[in-house]
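Thank you all for making the time this morning. Please bring the model up on your own screens, and I will talk you through it loop by loop and strand by strand.

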Amino acid sequence: MIENRASDSAAERGVMRRRGRVKLIGILMLAVFASLLLSSCSSDQPSVFHTTSDTAAASGEDAQRIPWDYRIVEGTVGDLIGSDMTVLPDNTLLPNDGNYATGAKIWTLQFMSADMVTNETGSNEVKLSAWNTLKSYPDQTKAKADLDNLKISLKTNVPLVGVYKTEYQGKTRNFAVLTLPSGNQLKQPIDEDRYKALKSVTKVMIMVEEVHDYSDYDMVYAKFRGWA
């Protein structure tokens, strides 16, 4: 009788130890999941200017990542997950810095980057990213204020590398080559009148759009937007 009670007691202690181990494993798994979730929701945005290894490896050249475009998008707050929130319709996970409630209408700032590689002929090959969400706003006015600071349209005088003609199957085309403020050279088709006007000049006035890096405002890429 005493032996049976001792066996039952030992069995109960074994069950309790197994339950304790299972509970400990569950707590550790929950802690790891929470750590991953918090790191994915970090509000620190790295600079989009850097050399990209994937594109460079595929092309055999150094690739520069540049900010290509920004936009503001209207959305709706979905689920609240701790101090974070999902933004519909894409279920983008963002920090709930504005303490929004589920169903609140908000605006988000999104950016698109580009991997630019200069090939052997000197031409630029561009690979665009998907849109990525940076920040949320309670109304459109505040969102547009940030957008207007990140995308700036202006007139500027830039060096004219030169103009040239090409002929193919009896058709002639004219081109001008410019050096943009970012240092990149750009080829633009031009008509005959502009070709004649640009033959004797070394600088030309153009419209550009400066696209600034969200995290490092002094880093900027200039895009041609027409002749001034």
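Asn-99 sits in the loop between β3 and β4 (105-118), where helices (H or I, at least four residues) and strands (E, at least two) are DSSP runs, numbered from the N terminus. This is a predicted model, in which local features need pLDDT of at least 70 and side-chain atom pairs count only at pLDDT 80 or more, while totals for chains, interfaces and linings use all residues. Residues are numbered from 1 along each chain as its sequence is written, and side-chain values use heavy atoms, with hydrogens and water left out.

Asn-99 is not a glycine, and yet its phi is positive, at about 55°. Most residues other than glycine have a negative phi, and most peptide bonds are trans. Asn-99 counts as exposed, because its relative accessibility is 68%; the classes are buried under 20% relative accessible area, exposed over 50% and partly exposed in between, with a 1.4 Å probe and protein chains only.

The loop between β2 (84-88) and β3 (92-95) holds Pro-89, and Asn-91 has its place in the loop between β2 and β3 as well. The peptide bond that joins Leu-88 and Pro-89 is cis, with omega at about 15°. Asn-91, a residue other than glycine, has a positive phi near 60°, and at 48% relative accessibility it counts as partly exposed.

Let me turn to the sheet. Which order do the 5 strands of the open sheet follow? The order is β9-β8-β7-β10-β11, with antiparallel pairing, and two strands are said to pair if DSSP finds at least two bridges between them. Strands of a sheet pair through backbone hydrogen bonds, either parallel or antiparallel. The edges are β9 (185-190) and β11 (220-227), each of which pairs on one side only. Neighbouring strands of this sheet are turned by 45° against each other on average, direction ignored; the axes are lines fitted to C-alpha atoms, for helices over the stretch in contact, and angles run from 0 to 180 degrees between N-to-C directions.

Is Gln-188, then, buried or exposed? Gln-188 belongs to strand β9, and it counts as buried because its relative accessible area is 19%. Leaving aside neighbours within four places in sequence, Gln-188 is in contact (heavy atoms within 4.5 Å) with Asn-174, Phe-175, Ala-176, Phe-224 and Trp-227.

Helix α3 (residues 140-150) lies across β7 (151-168) and β10, and runs at about 45° to β7.

That brings me to the aromatic rings, of which there are 4 pairs; rings of Phe, Tyr and Trp (its six-membered ring) pair if their centres lie within 6.5 Å, and planes under 30 degrees apart count as stacked, over 60 as edge-to-face and the rest as tilted. The rings of Trp-68 and Tyr-221 are stacked, because their centres are 6.0 Å apart and their planes are at 25°. Since Trp-68 lies in strand β1 (residues 63-81) and Tyr-221 in strand β11, this pair ties together parts that are 153 residues apart in sequence. Tyr-221 is buried, with a relative accessible area of 9%. Tyr-70 and Phe-111 make a tilted pair, because their ring centres are 6.4 Å apart and their planes are at 40°, and both residues are buried.

To end with the chain overall, its secondary structure comes to 4 helices and 11 strands, and buried residues make up 32% of the 228 residues.
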